[in-house]
Amino acid sequence: QVQLVESGGDLVQAGGSLRLSCEASGSIFRILTMGWYRQAPGKQRELVASITSDGSRNYEQSVKGRFTIFRDNAKNTVYLQMNSLKPEDTAGYYCNARLMDHGPMREYWGRGTQVTVSS
């Protein structure tokens, strides 16, 4: 059994910063890709950023230059540093991991952490 636990969501003023963390725990053989998705009320869940095991990163266009994703492979943890936050960044942020748990590749989700940016 694998669990993803997020932390770091908060209420922040526009222009502020937050750092989200997500730790994967359980029976993990190898983590392939970790990422952050977000979902605002009435909208579809969208990819914010992802990072592969070799460090290749991918960002949603609106967060490029403001958000940075990085991971600590030894801790099975992925981080999302969010700077220059905007009200439109307000959403539930969900951690995602594609990993091998001694079997075929599977996808796991965290329960989410709320980010609210006030104007």
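Arg 71 sits in strand β7, which spans residues 67–72. Strands here are DSSP runs (E, at least two residues), numbered from the N terminus. This is a predicted model: local features need pLDDT of at least 70, side-chain atom pairs count only at pLDDT 80 or more, and totals for chains, interfaces and linings use all residues. Residues are numbered from 1 along each chain as its sequence is written, and side-chain values use heavy atoms, without hydrogens or water.

**Arg 71: setting**
- Arg 71 is buried, at 16% relative accessible area; buried means under 20% (1.4 Å probe, protein chains only).
- Beyond four places in sequence, its contacts include Ile 31, Thr 33, Ile 51, Ser 53 and Val 78. Contact means heavy atoms within 4.5 Å.

**Arg 71: polar partners**
- The Arg 71 side chain comes to 3.2 Å from the backbone oxygen of Ile 51.
- The side chains of Arg 71 and Asn 73 make a polar contact of 2.6 Å. A polar contact is a pair of N or O atoms within 3.5 Å; within protein, one must be able to donate a hydrogen and the other to accept it, and residues adjacent in sequence count only if both atoms are side-chain atoms.

**Largest nonpolar core**
- This core has 29 residues, and Phe 67 and Val 78 are among the members that touch the most others. A nonpolar core is a set of buried Ala, Val, Leu, Ile, Met, Phe, Trp, Tyr and Cys residues joined through side-chain atoms within 4.5 Å.
- Strands supplying at least two residues each include β7 and β8 (77–82).
- Strand β9 gives the most, with 5 residues.
- Phe 67 touches Val 48, Leu 80, Met 82 and Tyr 93, among others, leaving aside residues up to four places away in sequence.

Note on methods
Helix = DSSP H or I, 4+ residues; strand = E, 2+ residues; numbered from the N terminus. Buried < 20%, exposed > 50% of the residue type's maximum accessible area, 1.4 Å probe, protein only.
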